[in-house]
Structure formats: C-alpha cells, structure tokens
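Dear colleague,

Please find below the structure that I am handing over to you. My notes on it follow directly after.

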Amino acid sequence: MAGRRKSYDIKAVVQYSRMQDYSSYQPSELGTFSISEDGDFINCNKAKIPTLLDYKLPLNLNEGYKGTEGKDKARETIFPQWEKGLKWIHGSKEGYGSVSSVDIIASRGILKDIGYTNHNQYNNPWKFEACKFKGKVYLRKVDEEEDENEWCIRNSYWGKKFEEYLIQQETGTKATYRMLKGKIGKKTVLLSAEVDAISSDGKYMEIKTCFANKIGVKVPQAWWQSHLGKVDTLYYGLKTKQGMVYDKPTEISMTDALTKYVKKDTANEMIGFTGDVLDWLYGALPDTDETWILEYTGGRWIFLRSTGEKFLPNWYLQFIEGKKEEELVKQVEALTLSHPVN
C-alpha cells in the first residue's frame, strides 16, 4: 500500500563518532566489471583498470563542450549502474551465493551522500529508492532530471573532460567498476565503485578537478568517497574559472588527506552515521519487493515512504528463485538500460 511513512531522527553529530572507527572499514574486492561505450555490461571479473596517459599542459577542459552535453556525460553511466551490479551477482562464480552474507547492496555514491549529510555545508538534499527482499536491502539512485544552471553543467563537463585527458580506457570501454564488500555499522555491504585509474606503482586513484581556493572544502567529501571505494590517492586538476588546467595535477594520499583536511572525529562521524542509518533502514523496510523512497530534504529528519511499486527487475527475481540458466541468460542479454521492467 502506497503512502506509508517512517522517519529517522538525526542525533547530535558527536554521538556518531563513537559508533565506529573509520579505520575498521577494510573492504575486500570480490570482482570487477566494465560498461561498454554502448552502455552494456562486459568483462565480468576480467575488467582492466584504466591507466594514466601522458599529457601536455595546459589542458583546455572546454574542448568539445556543447551546453547540455556536459550534463549528459556526467549522468549517462550513473543511473543504469545499479542494474550492472545485479548483473555482476548473476555472473559471479557463486551466483546468488556470492552475496549470501551481504545485507546491503548499493553503489558507492549512495553511501557517500548519506555519510556526508551532516558535513555538507550546502545542506544538499538527496533521494534514493530502496527495497528489502529475502533479507537484503537494495538501494539505487532516483533517475530524475535536476534543474541545473549552465555553470553547474559546464563544471560537470570539465570533470569528465579532465578524465578523458588523463585516462586510457580499454578499447570499447566507458567505465570500470570494482565490487567491494565490507562492514559498516552492524551490516555487511556490497558496493559497486567506479575506479578512475591505477598508477604505475599499483595505487588506485580518484581523479577530480577543483578550484585552487576550494580544495580544503572539496577534499573531505572526496576522502570519504575514496575511503568507501578503497582508493589510495586523490588526483586533483586545479582549474581556472575559464576551464583551464595549467599546472601538474596535485596528488594527495589518503593519509595526507586525513591529516591535513579531515579530522579523525569527522571521519568516524561519517561512517558512524552511515552505519546507523543503514541499521535503521534495514529494520524499517518490510521484506517485500516494494519500492520505498529514502529522502533527506534538510533539517534533522530522514524520511522513508512507500510507493506501492515493484523494485527488482523480473530477470533478477527469477535468477534468485532458481529459474533455468538458459532462460536467464536470454533475459540478461536482452536487458536494456531503462528503468527495471516489472
């Protein structure tokens, strides 16, 4: 029945710093996958992590910019990603058994937004869809257009363009992901996390752009995002307001980021808050394939409301219910990037 509503009361921030030490989160990598240039799921557990390219400064991040194209580039791999995570489960060696000990299945970006709620100086709202089925909570981003101005669209484009200058993707590949499993709060989570690149000495890198005078504001959230994704180094292109990068990118190790930009209490608060919200959500959701909206609009409350709609795609439901393999393969191959078919 649609319209049911529950809420989570946000506690004093200091309480979350005592719930879990950030360093206790040590996820293990279960596998990898890629998304092709056409948006298809490929390279299950055989994905090649992108490497860094040689480049010549300065870098003009405006090259190829055509207004709304920047927005499209920033969005085009985000929203179908959650189904790709389900495809990885289907293609993993143990199949559904590979997530037998998992309580929460989500993308890294979702937990990044949840964990940063109390530290976002802009008090940005967020909204996700969730369901609980057979003891597992699934979370996905809500695919809806945002009312962004031209400056935001341009900045999103600059970020993707900077990656294009620096990253050598495998032929035919648009993005590469790692599947990570770790403990947050009392729950075991399975995350799909895009990996930007790997350095020549084997370090995983998060590649971003930033205005030089904003790096102190940007690094804390980037640290949290990278901590969730088991990243080693933040790699920042310092851009001008005209979209130019004149200097060699700034490398910040996760240790240095924590020492210089993120207080330990803040790191503990982010993971403690995330764990507490996930624990509450797990208990609040009924164990049915129903879509619920999890939403924060500012203030001290997180709301959860039912929609009465189904959540999981039919091919996945049949997969975990043990349908014939040949039938499943055909359905998986036919799966599009659209909202799941019910």
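**Strand β11 and its partners**

G182 stands opposite V189 in β11. Strand β10 (residues 173–184) and β11 run antiparallel and are joined by 8 bridges; strands count as paired if DSSP finds at least two bridges between them. The two form a hairpin with 2 residues between them, and G185 in the turn has a positive phi of about 65°. Strand β6 (residues 104–107) also pairs with β11, in the parallel sense over 4 bridges, and I104 has V189 as its bridge partner there. Helices (H or I, at least four residues) and strands (E, at least two) are DSSP runs, numbered from the N terminus.

This is a predicted model, in which local features need pLDDT of at least 70, side-chain atom pairs count only at pLDDT 80 or more, and totals for chains, interfaces and linings use all residues. Residues are numbered from 1 along each chain as its sequence is written, and side-chain values use heavy atoms, with hydrogens and water left out.

Strand β11 (residues 187–194) is largely enclosed by the rest of the structure, because 8 of its 8 residues are buried (under 20% relative accessible area, 1.4 Å probe, protein chains only). K187, V189, L191 and A193 cover one side, and T188, L190, S192 and E194 the other.

**Helices α4 and α8**

The axes (lines fitted to C-alpha atoms over the stretch in contact, with angles from 0 to 180 degrees between N-to-C directions) of α4 (residues 108–115) and α8 (residues 264–284) come within 8 Å and cross at roughly 110°. The two helices are therefore roughly perpendicular (65 to 115 degrees).

Yours sincerely

How values were computed. Angles under 35 degrees count as roughly parallel, over 145 as roughly antiparallel, 65 to 115 as roughly perpendicular and the rest as oblique. Buried means under 20% relative accessible area, exposed over 50%, partly exposed in between (1.4 Å probe, protein chains only).
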